[in-house]
Amino acid sequence: MTALRSAVWLPLFDDLADPAAVVRLAVAAEEHGWDGFFVWDHVRWQEPVQAVADPWTTLAAVAAATTRLRLGPMVTPLSRRRPQVVARQTATLDRLSGGRLVLGAGLGSDRFGEEFSRFGEEADDRRRAVLLDDALGVLRQAWSGEEVHHHGPGGTIDGVRFLPRPVHGTVPVWTAGFPGNRRPLVRAARHDGFVPVNLEHPDQLAGAVDRIRELRTEAGTVAAPYDVAVALPASADLAAFEAAGATWWLADTDPHGNTVDAVLGVIRDGPFR
């Protein structure tokens, strides 16, 4: 049996903006042997998409209806979320799910929905990167259960403890980024997983995985568990990406015109084996 784990990966748009329908899909995914169930985190998307659901509310319903699937937002742009609120949301969702939460985090993009510029959020990639790293630092402190004293570019937290803690004391963090860029790989090496963006071929992945491994060796964390999640259609050569270092496959589907029946077909086809 392959070591590559498989996850349903859904944009919560239009038909999939109905949380009850998404819960039914998650239950079906668990029944058909999938390992994970991850959702996109957006507040707006380009036309023809009209309806968009909230990922946190949807994931809470998924957590309550399943028992085995790993779940989480994949990925959330932390620059437009207050880290103290995310600390509460993540700990609550992790406990509701029995410790099954994975937090995907990244810069996000204004390209497809103008969801930064239209809401007056930070649209500059470099400044969002600073806010992302600041928020991740806050979350690590908050999950520790110790008092958080933080004064950074994302705001101030002055002597607050965040309890209850996640089930396992922390939440795995997978960070997203372009595999050929240095800073995303440095960030990924500091956390628990990497989600390469716009991945084109296995050699590209292998190079990124090698660099992350080097950075983790230098930091003395190479022995810690680490995941690499690749978003690819079912038609891709998944075995080649597994050989290049992938540990998770996120089943990629078209965000435009995606239907409940189409996703159910992917689920029934089954995970990669």
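The legends below describe close-up views of a predicted model.

**View 1. The largest cavity and the residues that line it.**
In this predicted model, the structure holds 1 cavity of 30 Å³ or more, and the volume of the largest cavity is about 30 Å³. Its lining is made up of Val8, Trp9, Leu10, Ala251, Thr253, Val263 and Val266, and the elements that contribute two or more residues to this lining are β1 (5-10) and α8 (260-269). Strand β1 gives the most, with 3 residues. By residue class, the lining of the largest cavity divides into 6 nonpolar residues and 1 polar residue, with no charged residue among them.

**View 2. The tilted aromatic pair of Trp174 and Trp248.**
The structure holds 9 aromatic pairs, one of which is formed by Trp174 and Trp248, whose ring centres are 5.8 Å apart and whose planes stand at 55 degrees, so the pair counts as tilted. Because Trp174 belongs to strand β8 (residues 173-177) and Trp248 to strand β11 (residues 248-251), the pair ties together parts that are 74 residues apart in sequence. Trp174 is buried, with a relative accessible area of 2%, and Trp248 likewise counts as buried, at 1% relative accessibility.

**View 3. An aromatic cluster that includes Trp9.**
Trp9, Phe13, Trp40, Trp45 and Phe112 together form one aromatic cluster.

**View 4. Arg128 over the ring of Phe116.**
Here the charged end of Arg128 sits over the aromatic ring of Phe116, at 4.3 Å from the centre of that ring.

Note on methods
Residues numbered from 1 in each chain as written. Predicted model: local features only at pLDDT ≥ 70, side-chain atom pairs only at ≥ 80, totals over all residues. Heavy atoms only, no water. 1 Å grid on protein atoms, 1.4 Å probe; cavity = no way out; pocket = protein on both sides within 12 Å on 5 of 7 lines; lining within 4 Å. Points joined across faces, edges and corners; volume = space filled by probe spheres on them. Helix = DSSP H or I, 4+ residues; strand = E, 2+ residues; numbered from the N terminus. Nonpolar A, V, L, I, M, F, W, Y, C, P; charged D, E, K, R; others polar. Phe/Tyr/Trp six-rings, centres within 6.5 Å; stacked < 30°, edge-to-face > 60°. Buried < 20%, exposed > 50% of the residue type's maximum accessible area, 1.4 Å probe, protein only. Lys NZ or Arg CZ within 6 Å of the ring centre and 35° of its normal.
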